[in-house]
Amino acid sequence: MMDKGWIVPRTLALTALIAIISATNPNTAQSGQNEDWCFSDQERTDDETITGCTAVIGSGKLGKDKLATAYANRCLAHLQRKTFDRAIADCTEAVSMAPANAIAFAQRGEAYCRTGDIKRCVADFDEAMRIDPSDPSFVYLRGMARADAGDSDGAIADLTKAIDQDPETASAYVRRGQLYEAEGDKFRAAADYRNALRIDPTDVSTRERLEAFRK
């Protein structure tokens, strides 16, 4: 009969050997680092995300779904770095592989808004909302993106819908209030600022805006 006493020590030895090989093989270590930078939920910089995702995309080892995720993650990093053309290109790759990826559509929509392409921005957010109608963040994000792009009427309409869906989103009141203020509608702006402060009394800049109306 086989002596089972050697199994655990041999397994431990094999595990240790694999660890040594991995540690001494820079390609293996770098590959693991790149995957962490691209896919991990841990905090990392946009540059690290772009570096990691670029490496794993170029490796040719990813399946279709994971490749789509890599493109979407790199898209977000470019979006945050304000390299909007690259964000659009990456999210386009992502949605071509995963047409049910609502987040990728929303990210591309924001990038389109930031470049002033309101029509495509709205179309992408509409698609994100069609794919996942349960997510109230999409209409809010579209409103914020429209505001940044100078589409005041569209932004106010979206932020109003967002507030209807979630009346406790302070930033939606603040941004809509700023738009009303820019249009000279101090009454509505003040009402929005008061609602924002009700939700977040620590918002100093909004309190200062509201107090400025009383001077």
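**Burial, disulfides and helix packing**

User: Is threonine 206 buried or exposed?
Analyst: The relative accessibility of threonine 206 is 1%. Buried means under 20% relative accessible area, exposed over 50%, and partly exposed in between (1.4 Å probe, protein chains only). Threonine 206 at 1% therefore counts as buried.

User: What kind of model is this?
Analyst: Residues are numbered from 1 along each chain as its sequence is written, and side-chain values use heavy atoms, with hydrogens and water left out. Local features need pLDDT of at least 70, side-chain atom pairs count only at pLDDT 80 or more, and totals for chains, interfaces and linings use all residues, since the model is predicted.

User: Where does threonine 206 sit, and which residues does threonine 206 touch, not counting residues up to four places away in sequence?
Analyst: Threonine 206 has its place in helix 12, residues 204–212. Helices (H or I, at least four residues) and strands (E, at least two) are DSSP runs, numbered from the N terminus. Contact means heavy atoms within 4.5 Å. Leaving out residues up to four places away in sequence, threonine 206 touches Val174, Tyr193, Ala196 and Leu197.

User: How are helix 10 and helix 11 oriented relative to each other?
Analyst: Axes are lines fitted to C-alpha atoms, for helices over the stretch in contact, and angles run from 0 to 180 degrees between N-to-C directions. Helix 10 (residues 170–182) packs on helix 11 (residues 186–199) at an angle of about 160°, the axes being 8 Å apart. Angles under 35 degrees count as roughly parallel, over 145 as roughly antiparallel, 65 to 115 as roughly perpendicular and the rest as oblique. Helix 10 and helix 11 are therefore roughly antiparallel.

User: Is the crossing of helix 10 and helix 11 left-handed or right-handed, and which residues of helix 11 make the contact?
Analyst: A crossing is left-handed if the near helix is turned anticlockwise from the far one by less than a right angle, and right-handed if clockwise. Helix 10 passes helix 11 in a left-handed crossing. From helix 10 the contact involves Ala170, Tyr173, Val174, Arg176, Gly177, Gln178, Tyr180 and Glu181, and from helix 11 it involves Arg188, Ala189, Asp192, Tyr193, Asn195, Ala196, Arg198 and Ile199.

User: Which helices do the buried residues of helix 10 pack against?
Analyst: In helix 10 the buried residues are Ala170, Ala172, Tyr173, Val174, Arg175, Arg176, Gly177, Leu179 and Tyr180. These buried residues pack against helix 8 (137–148), helix 9 (152–165), helix 11 and helix 12.

User: Which helices hold cysteine 38 and cysteine 53?
Analyst: Cysteine 38 is buried at 0% relative accessibility, and cysteine 53 is also at 0% and buried. Their disulfide has an S to S distance of 2.1 Å. The torsion about its S-S bond is about 100°, so this disulfide is right-handed. The pair links distant parts of the chain, 15 residues apart: cysteine 38 is in helix 2 (residues 26–39) and cysteine 53 in helix 3 (residues 46–59).

User: Which helices hold cysteine 75 and cysteine 91?
Analyst: Cysteine 75 and cysteine 91 are both buried. They form a disulfide, S to S 2.0 Å, and the torsion is about -95°, so the disulfide is left-handed. This pair links distant parts of the chain, 16 residues apart: cysteine 75 lies in helix 4 (residues 64–80) and cysteine 91 in helix 5 (residues 84–97).

User: Is the disulfide of cysteine 113 and cysteine 121 left-handed or right-handed?
Analyst: Cysteine 113 and cysteine 121 are both buried, and their sulfur atoms are 2.0 Å apart. The torsion about the S-S bond is about -80°, so the disulfide is left-handed.

User: Which helices do the buried residues of helix 5 pack against?
Analyst: Phe84, Ala87, Ile88, Asp90, Cys91, Ala94, Val95 and Met97 are buried in helix 5. The buried residues of this helix pack against helix 4 and helix 6.

User: Which residues does alanine 111 touch, not counting residues up to four places away in sequence?
Analyst: Alanine 111 lies in helix 6 (residues 102–114) and is buried, with a relative accessible area of 0%. Residues up to four places away in sequence aside, alanine 111 touches Leu79, Phe84, Ala87 and Ile88.

Methods
Disulfide = S-S within 2.5 Å.
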